[in-house]
Amino acid sequence: MATAPRTRGTRPIIVVGGGIGGTAAALALSRRGRRVVVLEQAEDLTEVGAGIQMPPNAFKAFAALGVLDAVQRIAAYPERLVLGDMPSGRAVYQTPIDDAFVNRFGFRYALMHRGDLLQILVDAARASELITLETKARVVSFADHGDRVAVATEDGRDFEGDAMIAADGLWSRTRATLFGDEPPRTDGYVVCRGVVPVDRVPPSLYSQTVTMWGGPELDLFHYPLRRGEIYNIGASFRDASLVPGSEPPAVTRELLAQRFAKAAPQIRELLPYIDLTRSWVLYDRPPLPHWCAGRVALLGDAAHPTTIYISQGACMALEDAVVIAHCLDGTNDIAAAFRNYEKRRVLRAARIQLTSHQFGEIYHAVGVNRELRNHLLAGLRPEALCDTLAWVFGPAGADCVTTAATVA
Ligand SMILES: Cc1cc2nc3c(=O)[nH]c(=O)nc-3n(C[C@H](O)[C@H](O)[C@H](O)COP(=O)(O)OP(=O)(O)OC[C@H]3O[C@@H](n4cnc5c(N)ncnc54)[C@H](O)[C@@H]3O)c2cc1C
């Protein structure tokens, strides 16, 4: 049995999944003196995909994980968040990311390449002697024996731990085993995204902003990454034929041009820069009331997959990581610690899931809804978005543990 060495008479915590949530959890636990074994099915701990937006609440988690400096060195920082109307090409709402924003929330709003973010977490995990990272370790079963968990991988290895934290993503087998095998839900949006070196983007198409162009059942977004060296451009559109589990469709230049034919000219000019080598179908799930059972807990997308429209999926996984480690700190009553974690997190994550869904409807509004959106947004004060999302970003000085415990 490939049991990791024990610490202070306890078994390790087994973390299933080495994505952003799993590695962050390992790091958070190790910083509280817990030994951790991460079991990741892939050959490497890498991320596919492009940019990821990191609002201030993510930075509170980075501080708790000890990776704040590393993140700040590589992030890019927008001057504004912009919502534009795709058919007219007009910005209908803008909010500055300025000193007032930082004073209010404690940190800037940052942008990262998701590969850079995972690398920072993995490097920090590798530097900890309390963390063992196992790749090519696909978990196929687990059993909660009351005083310990037993976890088996596809290649025949067995692991024993004090507890199991399942950070196994959207299609979590752990979630299915504990809480039922309902598929995630999709509105049929498919997204293509990628990065280009910033010097390849014509200056007229570049801006130091996070810009989201909302169109009828469409959107296009762009922002700089990696200290401003690369530019993230993505587009999504609705394909009503997509159902949960559908293979992401092959998106061609012709299809993209056809879908975005009614976009304003300056938006269509960005289409050739979008990487079409891969596409993703977007999913979420309705909020789940329970995330744990005995010595097993869900974390990240396994617990609360979220649409992308307020950029919080990974942020929630980071917060979960900090909170679960906090709840496990200094106690041997794992089940009670997991219930405490669940209590602190469920309502906040549920509110994020619901709010994100509503933002998607606003971005993709059609017909009179679009006109109403533009009219209402044009009348808003620049701080209105920050007021609306203040409960998400959290006040300056609040750490992620206490902030995450509150819903409003
Ligand atoms: C287009 C797009 C844009 C996004 N933008 C943002 C954004 O701007 N900001 C933000 O905060 N979030 C964003 N998100 C959401 C964010 O990417 C996710 O919420 C986050 O990556 C979830 O991390 P996770 O670790 O929970 O899950 P995952 O990243 O899915 O990791 C799960 C890991 O578990 C492994 N695994 C699965 N099953 C097993 C098994 N049986 N055994 C072993 N290993 C297993 C997988 O291989 C994987 O490595 C975006 C998502 C998408 C799709």
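User: Which residue in E2 is the bridge partner of Ile 14?

Analyst: Quick caveat before we start. This is a predicted model, where local features need pLDDT of at least 70 and side-chain atom pairs count only at pLDDT 80 or more, while totals for chains, interfaces and linings use all residues. Residues are numbered from 1 along each chain as its sequence is written. Now the general idea: strands of a sheet pair through backbone hydrogen bonds, either parallel or antiparallel. Here Ile 14 has Val 37 in E2 as its bridge partner. Strand E1 (residues 13-16) and strand E2 (residues 36-39) run parallel, joined by four bridges. Two strands pair if DSSP finds at least two bridges between them.

User: What is the strand order in the six-strand sheet, and which strands are its edges?

Analyst: Read across that open sheet and you get E7-E2-E1-E11-E18-E17, with mixed pairing. Strand E7 (131-134) and strand E17 (292-293) are the edges, each pairing on one side only.

User: And what about the sheet of seven strands, which ones stand at the edges there?

Analyst: That open sheet goes E5-E4-E13-E14-E15-E12-E16, and its pairing is mixed too. Strand E5 (90-96) and strand E16 (280-281) each have a single partner strand, so one side of each has no neighbour in the sheet. Further in, E12 and strand E15 (residues 230-238) pair antiparallel over nine bridges, and Val 191 sits opposite Ser 236 in E15. Helix H11 (residues 368-378) packs on this sheet, touching strand E4 (80-85) and E5, and its direction makes about 40° with that of E5.

User: Where does a positive phi turn up in the hairpin of E8 and E9?

Analyst: Look at Gly 146, with a phi near 90°; the hairpin has four residues between its strands. Strand E8 (residues 139-144) and strand E9 (residues 149-153) run antiparallel with five bridges, and Ala 143 has Ala 150 as its bridge partner in E9.

User: Now helices. At what angle do H1 and H5 pack?

Analyst: You compare axes, lines fitted to C-alpha atoms (for helices over the stretch in contact), with angles from 0 to 180 degrees between N-to-C directions. H1 and helix H5 (residues 114-126) pack at about 30°, axes 9 Å apart. That makes H1 roughly parallel to H5; the cut-off for that word is under 35 degrees, with over 145 for roughly antiparallel, 65 to 115 for roughly perpendicular and the rest oblique. Ile 20, Thr 23, Ala 24, Ala 26 and Leu 27 of H1 meet a set in H5 that includes Leu 117, Leu 121 and Ala 125. Contact means backbone-placed C-beta atoms within 7 Å.

User: Are H9 and H10 roughly parallel or antiparallel?

Analyst: Their axes come within 8 Å and cross at roughly 160°, so H9 and H10 are roughly antiparallel. Among the residues that meet are Met 316 and Asp 320 in H9, and Arg 344 and Arg 345 in H10.

User: Which element gives the most to the shell around the ligand?

Analyst: H9, with four residues. Altogether 32 residues surround the ligand, the closest being Gly 17, Gly 19, Gly 169, Gly 300 and Gly 313; near means a backbone-placed C-beta within 6 Å. H1 (20-31), strand E3 (51-54), E12 (189-197) and H9 (313-328) each supply at least two.

Definitions and conventions
Contact = placed C-beta atoms within 7 Å.
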